[in-house]
Every structure is written in C-alpha cells, then in structure tokens.
Amino acid sequence: MVKNNSYVELLSPVGNIEALYAAVQNGADAVYLGGKLFNARQYASNFGMEDLKTAVEYAHLRGVRVYVTVNILFSDKEIEEAVDYIKYLYEIDVDGLIVQDLGLSYLIKNVFPQFELHGSTQMTINNLQGVLFLEQMGFKRVVLARELSINEIKYIKERSNIELEGFIHGALCVCYSGQCLMSSIIGGRSGNRGTCAQPCRMPYTLVDIENERTVFEKLEGKYILSPKDLNTIEDIDKIVDSGLKSLKIEGRMKKPEYVALVVSKYRKALDRGIDEITKEDKKELLEIFNRGFTGGYILENFGREFISLDRPNNRGVYLGKVVKVDPKYIYINLEDDLNIGDGIEFTKGKNEYVGIMSNISGEKGSTIKIDNLKGIKNNSLVYKTSNRELLEKTRETFEENQNIKYPISMDVYIYINKKAVLIIKDENYTISVESEELVEKAQRVSLIEERVRNQLEKLSDEPYYIDNLNIYLEEGSFLPISSLNKLRRQGIDLLNEKRKNFNHRAKIDESILEERVQEFFRFKNESRDDLNKKLSVKVSKIEQFEKLDLNKLDRIYLGFDDDLENCLNEIKKRGKEAYIYTDKILNEDELKKLNGKLEQIYKEVDGISVSNLGTLNLVKNNFELNIHGDIGLNVYNSITARALNENRVNSITLSPELTLQQIKEICKKGENIYETIGYGYLPLMVTKHCPISLAKGCQNNKNCKYCKYRTGYGLKDRLGKVFPIVRNESITTIYNSVPLMVIEELNNIYDSGVNMIRIDYTFEEDDIYSIQEAFYEYIHGNLNERDLEMFLDFHRKNTGLTRGHYFRGVL
C-alpha cells in the first residue's frame, strides 16, 4: 500500500452518466464533472440539470464526492446569470466548485459563503504566494499548475494549510493553463471559455524569423507543441508523499471504458502498492489511450521526453510490420496478439495513417493477411489502436453498475397486534420504520422466517448488502408480503436520504439570498466623462527604452534590469509614471529575486505590474506600491476588477479577449483605472516547454540563458504563418504572427471608459519611436486621415495587422 494513502483522494473525470458509473464502480473517491453551462470542456457531453442531481445522489450513496467545474471566464452578463446555477448546485448538495474566474469566486464567497471552492489549474497557481492568496480568500483547495515538480509541491505544502491537488494521468496542455490565447486569437475559440480548438495538436516547423528558412529539418512538419500523455503510476508513491491531497485524472471527453480502466489501475497502485502493478496493467493503460507516455514536469521530464513529435492523437500499441503487399492482400507479421474487432492502423507516409477494424484474429509471431488497402507499402508499421476484449472486460466493471455495496444490519420485529418495526443500521446511521397496519393472527398461513428473510434481502438495485439480519417473529403472525416490501423500501429510502446528504446544508432563505445578491451587484456607476486619454508604453529591453520619447507617454512599464536606476531617473525628470513589469510566470526563486529588487528600488518607482496571483500576493503584503494588474490576471468582468481592487490593485489591463461592448460594461461599473492594449504582438502561449530543446536534445532548462536560439526563431504553421518564440530563462513565450493595431479606433476605445491605451513592445527593434509618435499624435488630434492611412498601410505591408477581439469577440 502507498504510504499516506488514507490522506489522498483519487479524483476521476466524468463526461456523462456512464463515465460516472465507471469512475465510482472502479474506486474513485471523488469525481469532477461539468454541467451544460460555464465549464472548460464545452465539447464534452456534460450534464443537464436533472442529470447533475442524479449524479450527485448516485455518487453520494456510494461515498463518493462530486465537484462541478465552473472554470471559465465570465462576462458581466453571465456572472449575474450564474447565481441561479450556483444556487441549484448548492441545493443538490454538490460538494465543491472548481473555479477559474476570480470574480465568480468572489461572488460565491459573498453570496454562498458555505460553498467549498477549489481554484482551477486555469488560475495559474504555480508558486507558494499564489496558494497563500487563495487560502486567504477562503478557498478549500487549489489545483496546482501542471508544471510544478514534486519538490516544488513539497515546498508549497510545508508552508501552507490549503489542500493541494495535482494531475497524475491523461492529456497535458503545453501552455500554462489560463494563459493560452492561441486558439482564440487564431480562430475565435477561447480556451478560457471552454472552446479551445487545440492548435497545440497541429504540425509546425521551426524557422528563422528573418528569412523563414527551415532550421532543424528533422523537425519539419512535426507536432512540436503536442505533449505526450501523463502517466505517473510507477511513481505514485513519490507523488503522494509530496503532500497532494487529491490525485487528478484527466479525461472528461474520454470514453467510460477509459475512465474505468485508468481509475482501477491507480486504485490498485494506491491500495496495494506500485510493486503490484504488472506488465499487463501497464500495457492496458497504453491500449486504452496514449499519445506516448511522459512523467511530465511533476517528474521533471523535459524536451523529447515530454513531446509527442510524430503524432498528436492516440498511437495505440505496436502490433507489427507489413512484410508483403500483393494486388489482393497485405501481409502483417504480428508482434502482439490480434482479435476480430480490434482497431488497427497503418502508417502510410508523413503524418498519414489509415485505420480499419480487424476481421481476422492472429497470435503473436504469426503472419496474417488482410484485404489490400490503397497506399500501404512494404515495411509499413502497424499499430493496434483499440482492443475489443479489453473494452468488453472494462465495460463489465460498471455496466451492471453495482460493484460497490456497503454492509448494513437489519432487525425486524413482528408481533401480533403490534405494528411491525424494521431497524436498519450502517456505520453512521440508524433508521427505524414501522408498518401502517397491525400484525394479525394468522387465519390459515403464518409468516415464516425464510419468507421474511427473502423479502428483506431484495436489495439488488441498492448499494447495500445485509451483513447481519435478526428476525424476531412471533409464531402464528401474519403480515402481507406487500407490507414487508413496503417496510423495506421505506427504510432503505430513509437511509438513502441520510447518506446522500453529505454536507448537511440548511435550506437557503430566499429573502436573505435576494438581499445578498442585490447588495453584491450594487455598483456606484460613477461618471467617467472627465477622464484623460492617457498613453502607456511597455518595453522589454533597454534598447527599446532608449528609442522612446519620454515626453510622449504617461506611464511606462520597464521589463528589464539593465541600467535601471538611470532609466528611472530619466522617467522621473519628465514627471511620468514608472512601473516595473513582471512576467506571467514567476517561480519561487524568481519571486525572491523580485522581492530583493523591489527592496532596493521601491522608493524610485510608482508601482509594479503583476500578471500572476502569486506576484500580487507578494507585493501587496510587503510593499506600499501602486499595483497594476496585467493580462495574466484574466480580468473579464467588473466583479474580478472589484475583487482585485479590494486587494490593492488600482489599475488593470483588461483581457484582450473582450469586445469593445464588454469593455464598456466593465468600465462603467468600476473604480479602477482601466487600460487596454492598442499595439503589440500578443503572447499566445506561455510554456515551460522549449521547442528548440527537441532539436538540441536538452534534458533540462539549466542552460537556457546561454542558448543562442533564445530569440530570432519562430513556429511556422500549415498556412505559412510564423509565430515568433522567445525563451527567457525557463519560459518560452509564443507570440502572434502579426501585431495588434487599433490606432484608428482609439477614440472609440477611450469613449468606452478606458483610461489608458498601451503600446506593448516585446521583441521589436525597429519602428519603436514611429509607432509611439503616431499613437501620441492621434490621441492629441494631430494626425490627419492621410497620414494615418499611410501609417497603417506601411505596417500592413511590413508586418501585417490584426484588430484582435475588440470587434469580433470569442466563443
């Protein structure tokens, strides 16, 4: 048995009611699932309202907790609509909510204060300070970023009191969850809204940015951003010892058979120890679904250990090789058994596969022949992508849906001229029921003990078995069989009601709820007509700073350390606001460095820009500085803005996924200073993975700062678009192929209530001053229509342009 097993929870995905049965019957301690509304797997089957209630009752009767995902970003309109949904989930006794949106969590803590909250991995909690922030907000649990190692988890556990959850098996996101804009910017389907199109599973080619020449030809057209599937079963003891409370399996869009098999294998490892995991167990995990397996970042896998270069989907297990092809048949030398009904797949060429269902069986070592398929050549590799016998065997574990039963005892008292009494006991409850009628003296046929026993033991549809049955029957008694059955049903129904009510919640007082809701959504709605139109600029390196005109901006964000003191002096001479810019991802060491840096310069700066809840927590608790919330905080509604404001954030860059109308809704309700981005290459992904490591064969990220490939390269997609990549220490940022540019819409954006529009320089070397000057002059009415069109034409031809989501929004 795995050490500390009694302290961990095996948490299973559930995409439909069959998957629920599969998870529960195979040993899950808890399940997580989504309703039809507000969850990050909008393309899963998901549960309707009545289905949710059924799911909770089914799971609770069997001692299993249910957590519901509401883990997307909410618009202002949606967050108001969410109240009724959250109320329903509360009333049907859902055990906890998994939340991404800070505004939604703020709503729940104020309106439903007893509801257990779990911080989704979409909140990008990757350091101790982020964990402490959620702990202070009243969260019960945080789902840590998948990028953390065992040692990093241990560090957090030893210094916090909140429950920690981590992924142990299934699909991985290559980007830090919650920080991916690639799907939405490219195709309008947002991962933050549950509709990700998975651009990470597409092929790319590494190219030189200047000439788009392919570098590392072996990687051309490969799946450079597609991670293997996580599999930690052989190291689950180490993961348990890290301090995780909940071990999470991914797979809400997988089949019930997948859920059943994966849960059963990890249940076995936890209960009986990893030494009991056999070769057959490992093979079955491969057969049920795999993109290749990795230990992930939790086990410090990196580079080629982490990425599935050759294909982004299920690769099955190796079956054999084509040894002969004639006009009629394909001959396969089998290196594994094959059965009728198994799925098999042939490799045809680069990224090409053809699959069929086998109509023939064969044993390992034999050669079989199947009808010829177009395009299959000699020496083509063959894989088994599904195993019919395994699927049937796995389905049997939950199809009858009654593997799990709990012991109960029954005492029944049947005495003449008295009501019959049935007492049922389980480990927690005692239920007593009595018949409506009195027991009569038999006229012809008396009740016998065997008949009573037979009726009371009819529990086939219930999650119980009778461990002890005592029958106290007066001789010559008579009671109709229908009364015995009714007595049993009433007793079991009452026991079920007790067992289903895990959380013993009091019924919500509608008047109190209405009062809370009205108070919560009361805004000052202050007029913002007198606000100045300000311009801010973010620079990533000193060379960009040196090309700026400091007189033509109001605020500057400094994202470099070179000659910082002199730069700050120059800014102060011109009476402008100076903010330190920080990245979306900071690990423990980087937070310590930031703390030391701020201790030295905090008197010289006006504020700090934070893009991670951990950074926010560090700054607000240690420095009397203005705090700006950047796009990593995903501010998508006015409630999130309010929650941040109460945590000392007084200016905010709104999410680049918002439309102009949504921006207007937020600005009219808040007291913050609001900023949006007017120019810049938007960061589409922030990832621990380094694409260059696949070519170089890097085993870790220890030498990234010295690598000559840190900048100057990009990923070219199937349509020929090139996405620049920049490696900074242990983080790769993938930028959009074209910059956002909305200079011609600045007045409309300001009119929406935005106080400040930002120019966001990242890796640019040219046109630093000309872009700044154009924005400044347009804002101040000094750029005529002809000059504006010439400016836009130049940039359309030179780099291409996008207007982002200001006018199209996201799904």
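## Ground rules

For the linings below, Ala, Val, Leu, Ile, Met, Phe, Trp, Tyr, Cys and Pro count as nonpolar, Asp, Glu, Lys and Arg as charged, and the others, Gly among them, as polar. This is a predicted model, where local features need pLDDT of at least 70, side-chain atom pairs count only at pLDDT 80 or more, and totals for chains, interfaces and linings use all residues. Residues are numbered from 1 along each chain as its sequence is written, and side-chain values use heavy atoms, with hydrogens and water left out.

## The cavities

A cavity here is a set of points, on a 1 Å grid over the protein atoms alone, where a 1.4 Å probe fits but cannot get out; lining residues have an atom within 4 Å of a point. Volume is the space filled by probe spheres set on the points, which are joined across faces, edges and corners. By that count, there are five cavities of 30 Å³ or more.

The largest has about 150 Å³ and 17 lining residues, with Met 123, Leu 613, Gly 632, Leu 633 and Asn 634 nearest its centre. Its lining splits into six nonpolar, nine polar and two charged residues.

The second largest cavity holds about 130 Å³. Of its 16 lining residues, Ala 145, Arg 146, Glu 147, Leu 148 and Ile 298 sit nearest the centre. This lining has eleven nonpolar, two polar and three charged residues.

## Helix α5

Helices are DSSP runs (H or I, at least four residues), numbered from the N terminus. Just after α5, Gly 138 has a positive phi of about 100°.

Note on methods
On a 1 Å grid over the protein atoms alone, a cavity is a set of points where a 1.4 Å probe fits but cannot get out, and a pocket is an open set with protein on both sides within 12 Å along at least five of seven lines; lining residues have an atom within 4 Å of a point. Helices (H or I, at least four residues) and strands (E, at least two) are DSSP runs, numbered from the N terminus.
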